[in-house]
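Subject: Structure for your review

Dear colleague,

Please find below the structure that I am handing over to you, together with its sequence. My notes on its charged side chains follow.

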Amino acid sequence: MRSAGLLLHRNRAGQVEVFLVHPGGPYWAEKDLGVWSIPKGVFEDDEKPLDAALREFREETGFDPPAGPFTPLGSIAQPSGKVIEAWSVPGDLDAEKLRSMTLTLEWPPRSGRSVEFPEVDRGAWFGFEEAHRRIFPGQRGFLTTLERSVTRR
């Protein structure tokens with residue numbers, strides 16, 4: 001399985017911040033550290049990865065993605081076997097205005113009840129140190145690559 005996503009970043013008062021999203025639904029409701037993510041999602045072989053990253057950004061945040069430039073951050077294999085491909089892009093948005101698509105889950109499990117939840121329940125801006133604490137461990141490499149890139153500039 002392959003996924004593609006965008007790592008949005010901005011400069012605030014001389015500090016680079018990155019935008020991360022928190023997964024929605026009851027399973028993630030009480031979890032915080034190590035569960036945030038870049039906006040991303042699965043794509044099929046007939047879709048270009050960057051096109052998928054742009055689509056997923058829209059679906060998970062409700063915002064149009066920035067116009068670019070998009071800088072490849074590479075691909076990282078996750079413990080699950082999924083491979084995530086990501087791009088960094090400068091931009092800004094009001095995290096409080098995030099509006100994600102919803103998904104339907106059987107909740108509680110084996111109850112026969114279908115309940116709708118937002119795919120992403122919130123987004124926030126973090127400096128690199130805090131972002132490293134918040135993001136899924138398998139995605140930390142994207143932060144490290146971006147951090148090295150902006151530090152060299």
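A salt bridge is taken here as a side-chain nitrogen of Lys or Arg within 4 Å of a carboxyl oxygen of Asp or Glu. Please bear in mind that the model is predicted. The count by this rule comes to 13 salt bridges.

I begin with Asp 32. Its side chain meets that of Arg 122 in a salt bridge, with an N to O distance of 3.7 Å. This pair links distant parts of the chain: Asp 32 is in the loop between strand 2 (15-23) and strand 3 (40-42), whereas Arg 122 is in strand 8 (residues 120-127), 90 residues apart. Asp 32 counts as partly exposed, at 26% relative accessibility, and Arg 122 also counts as partly exposed, at 33%.

Asp 32 also forms a salt bridge with the side chain of Arg 134, at 2.9 Å, N to O. Arg 134 belongs to helix 2 (residues 128-134) and Asp 32 to the loop between strand 2 and strand 3, so the pair ties together parts that are 102 residues apart in sequence. With a relative accessibility of 18%, Arg 134 counts as buried. Salt bridges that share partners join Asp 32, Asp 121, Arg 122, Glu 130, Arg 133 and Arg 134 into one network.

A further salt bridge is found between the side chains of Arg 10 and Asp 92, with an N to O distance of 2.7 Å. Here too the pair links distant parts of the chain, with Arg 10 in strand 1 (residues 2-12) and Asp 92 in the loop between strand 5 (83-90) and strand 6 (102-106), 82 residues apart. Arg 10 is buried, its relative accessible area being 13%, whereas Asp 92 counts as partly exposed at 46%.

Finally, I draw your attention to Glu 119, located in the loop between strand 7 (114-118) and strand 8. Glu 119 has a relative accessible area of 25% and is therefore partly exposed. Which residues does Glu 119 contact, leaving aside its neighbours within four places in sequence? They are Pro 23, Gly 24, Glu 56, Glu 60, Ser 100, Met 101, Thr 102 and Leu 103. As for Glu 56, its C-alpha lies 11 Å from that of Glu 119, and the two residues are 63 residues apart in sequence.

With kind regards

Key: Residues numbered from 1 in each chain as written. Predicted model: local features only at pLDDT ≥ 70, side-chain atom pairs only at ≥ 80, totals over all residues. Heavy atoms only, no water. Helix = DSSP H or I, 4+ residues; strand = E, 2+ residues; numbered from the N terminus. Buried < 20%, exposed > 50% of the residue type's maximum accessible area, 1.4 Å probe, protein only. Contact = heavy atoms within 4.5 Å.
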